[in-house]
Amino acid sequence: MNQIENGTTSNKLPFIPLRDTVVFPSSIAPLNLGRDFSIRAAEVAVSSQDKFVIVSCQKKPTSERPQFEDVYSIGTLTKVLKSLPTPDGSMKILVEGIQRVKILSYKYIALGYIEVEYEILKDKELTEQENLEVEALFREAKEEFEEYIKSNRKLPPELLLSVKSISEPAKFVDTVATYLNIKLQDKQQLLELTDLRHRLENLIKHIIAEKEILKIEERLHERVKQQIEKAQKEYYLTEQMKAIQKELRQKDDFAKEIEELREKIKQAKMPKEVEETALKELSRLEKMMPYSPEATVVRTYLDWLISLPWSVKTKDVIDIHKAKQTLDEDHHGLEKVKERVLEYLSVLKRVKKIKGPILCFVGPPGVGKTSIAKSIARALGRNFVSVSLGGVRDEAEIRGHRRTYIGSLPGRIIQSMRKAKSKNPVFLLDEIDKIGIDWRGDPSAALLEVLDPEQNYRFVDHYLDVEFDLSDVMFICTANTTYTISPTLLDRLEVIHFSGYTWEEKLQIAKKYLVPKELKNHGAKDNEIKFTDEAIKEIIDKYTREAGVRNLQREIANIVRKVLKEITLSEEQGKSSKRSISITIDKEDVHKYLGPAKFIKDVISPNNVGVATGLAWTEYGGETLMIEATMYKGTGKLLLTGKLGEVMQESAQAAMSYVRSIADELKINSDIFKKYDFHIHIPEGAIPKDGPSAGTAITTAIASVVTGRKVKPGVAMTGEITLQGRVLPIGGLKEKLIAAYREGIKIVYYPHANQKDLDEVPQYVKEKIKLIPVKHMDEILPAVLDLNESLKKSKEKKK
């Protein structure tokens, strides 16, 4: 030590970087060395006369080969007191801190260790007044540390005697800092401070903080101890109670409940794997405290397993004639659906066991998709359950939540199977096209397993975590459109399209089903209220505008209520009269009870220039489109309005290009397309419109406005247009023709390629409307614009 202060010892020494240790002067520290350069530095120090080595802490403990900037520049000069090589190639050494040093340079040398150049770091010299402050701080630090040792059980009591004997403040700080459980950065800060006052102040702050932490730990320890003692006491009393009950051969309520559950598990006739799971959970429940939260979770789980119809099946009514009669009683029309159900029954009668079909009824609202599903269940003699999937966005709604979550439950599939009370119900998945998707998962993806006959015999709900057989279930889905159903899910469905009801079909449905149903629902007596055919037609024409019959039923119910109110008032006023009252609702009475007509038929295709009638398909059925075109002076721009989609806008541009290409045949000056702007508008601008099927009507409207010729009234058209004027096929022809029939259209031009779809069109529609198939626009324009001569000549010229 004297040699160092006198400068006779070299200022270059081996260096050991430490990962997580700060060595203070006047302290002894054990070090474990694993890196080759650290072991080599220790060996060099041990072999030297003074056995000196410099140590300092790394800034990043993960650095394997630290550089000068990776270690703290303030370290400690230490002396190796003892070294011990270990069998795994590492080394253990015991060092004593001598003095603070500042590392000036740092390099890896050829001998395989780090050598540093250093200088001794001396404490700041203090004045007499500052020395008095040091003495006061020294006394306070001693008192605080004495209290800390007494409250810390981890430190040996002998340490207090050792620290009390220290008379030098600097040595006291270094010794105490070694034993404090503080962060590495805080210890390094204490090592780097050269002002003894600041070191003492910093030390006192850390001792006080550690005392507070110890108090908190003590409170926590006491709280945990009390809880453990309470649990032990309850366990001891419970065991005593069990022993007494066993001695007296009495069973408590909990034991009786266990026995009841065991009996129910046997009666449920579960599959072997499921029964093993149930009995395992039951044995767990038996070992739990009866009213503990975990016991409640297990009890609920067992209740779900027991209540499911593992082996309960209803017997199918395999009588084809009776099933057909049942379906016909409940619904008018819907022949495709009825035919498919009868096919299923026919096969079932022969093979006894077939995989349940996955039917999907697609059509506008109110056409009977949900009600036909109930009729199918009645015809088959099966139980019926339904789940509405509209707005469902969470996958757990289908598959359930895992039991680790508080309040978890099975998904809607398992919940509905419990309600069905049989494993082969008719299961309706309503509004499957309105399933959402968000961060909680994709419910439609979870339905892939449910609606796949090859997989659903081993459906696993997250809550149950056991396989449940859904292969006997007859799944029926309903949707308004297939566009929003994912392709993979749609691939598993047998889609049956429901078209909108015609005017005649609605009349028959109202007479056979709706009127009797509403009279019964409102408590009307037999023959108390009657509806004439003209009255029902009036309601259909002027008070409803829909593909289904939901609003029609609503308006009939409205009339029934008002009539019953009149009958009740009449009976109250003439109580002596026993004569039964019978009221017949005629066409004129409809306006009396329902007020002014809600829908008034517009004149279709008025005899004006630039107006043509198109036909459109919507998810609510067919509609007629009034397409208007006009032109005014400008620069040849095309303006499209009416909230048109991209496809319809492109169709309008193609129509304009085609009309421009036949300007000579139309006998118009082609400069008109440069000097005038064109505006195409489809009324009811708040309703979005899209699709290519209005191409022929848009072309006709443009041709009408540029030639100044009127479009013939009572004519409508549908078809996609190309730049060459060819008319391409479209979809929804049946619904479009029904809409044309409803609006009083006399002639409809449709694509020649759609002739195959005429089989689905009702016969009375085909009798009332003249249907003309076309392949090219030159078959439409001459007829509707009276351009026969000019276009006929141009056509002959082309040929």
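Predicted model: local features only at pLDDT ≥ 70, side-chain atom pairs only at ≥ 80, totals over all residues.
Modeller: Residues are numbered from 1 along each chain as its sequence is written, and side-chain values use heavy atoms, with hydrogens and water left out.

Colleague: How many helices and strands are there in the protein chain?

Modeller: The protein chain has 28 helices and 24 strands. Both are DSSP runs numbered from the N terminus: helices are H or I with at least four residues, strands are E with at least two.

Colleague: What radius of gyration does the protein chain have, and what would a compact globule of 799 residues have?

Modeller: The protein chain has 46 Å, whereas a compact globule of 799 residues would have a value near 28 Å. The radius is taken over C-alpha atoms, and the globule rule is 2.2 Å times the number of residues to the power 0.38. Along the principal axes, the C-alpha trace spans about 125 × 100 × 60 Å.

Colleague: Why is Arg382 called buried?

Modeller: Buried means under 20% relative accessible area, exposed over 50%, and partly exposed in between, with a 1.4 Å probe and protein chains only. Arg382 has 9% relative accessibility, so it counts as buried. Of the 799 residues in the protein chain, 46% are buried.

Colleague: Where is Arg382 found, and what does its side chain reach at 3.4 Å?

Modeller: Arg382 lies in the loop between α13 (369–380) and β8 (384–388). Its side chain reaches the backbone oxygen of Asn424 at 3.4 Å. A polar contact is a pair of N or O atoms within 3.5 Å; within protein, one must be able to donate a hydrogen and the other to accept it, and residues adjacent in sequence count only if both atoms are side-chain atoms. Leaving aside neighbours within four places in sequence, Arg382 is in contact (heavy atoms within 4.5 Å) with residues including Asp316, Tyr344, Asn424 and Asp472.

Colleague: What makes Glu628 partly exposed?

Modeller: Glu628 has 35% relative accessibility, so it counts as partly exposed. Glu628 is in strand β17 (residues 621–633). Not counting residues up to four places away in sequence, Glu628 touches Gly610, Val611, His679, Ile680, His681 and Pro683.

Colleague: Why are Lys421 and Asp465 called exposed?

Modeller: Lys421 has a relative accessible area of 63% and is therefore exposed; Asp465, at 52% relative accessibility, counts as exposed. Lys421 is in the loop between α15 (412–420) and β9 (426–430), with a positive phi near 65° in a residue other than glycine. Asp465 is in the loop between β10 (459–460) and β11 (467–468), and its phi is about 60°, positive although it is not a glycine.

Colleague: How do you know that Cys477 is in no disulfide?

Modeller: A disulfide is a pair of cysteine sulfur atoms within 2.5 Å. A search of the whole structure finds zero disulfides. For Cys477, the nearest cysteine sulfur is that of Cys360, 5.2 Å away, and Cys477 is in no disulfide. Cys477 counts as buried because its relative accessibility is 0%.

Colleague: Which residues touch the most other members of the largest nonpolar core?

Modeller: Leu429, Ile432, Leu447 and Leu451 do, in a core of 54 residues. Helix α10 gives the most to this core, with seven residues. A second, separate core of 53 residues includes Phe361, Val367, Ile556 and Tyr593. A nonpolar core is a set of buried Ala, Val, Leu, Ile, Met, Phe, Trp, Tyr and Cys residues joined through side-chain atoms within 4.5 Å.

Colleague: What span is expected for α10 and for α20?

Modeller: The expected span is 1.5 Å times one less than the number of residues. Helix α10 (residues 293–307) has 15 residues and reaches 21 Å from its first C-alpha to its last, close to the 21 Å expected. Helix α20 (residues 550–573) has 24 residues and reaches 35 Å, close to the 34 Å expected.

Colleague: What covers the buried residues of α20?

Modeller: The cover includes α18 (503–521), β14 (529–531), α19 (533–543), β15 (583–585) and α21 (587–594). Among the buried residues of α20 are Leu552, Ile556, Val560 and Val563.
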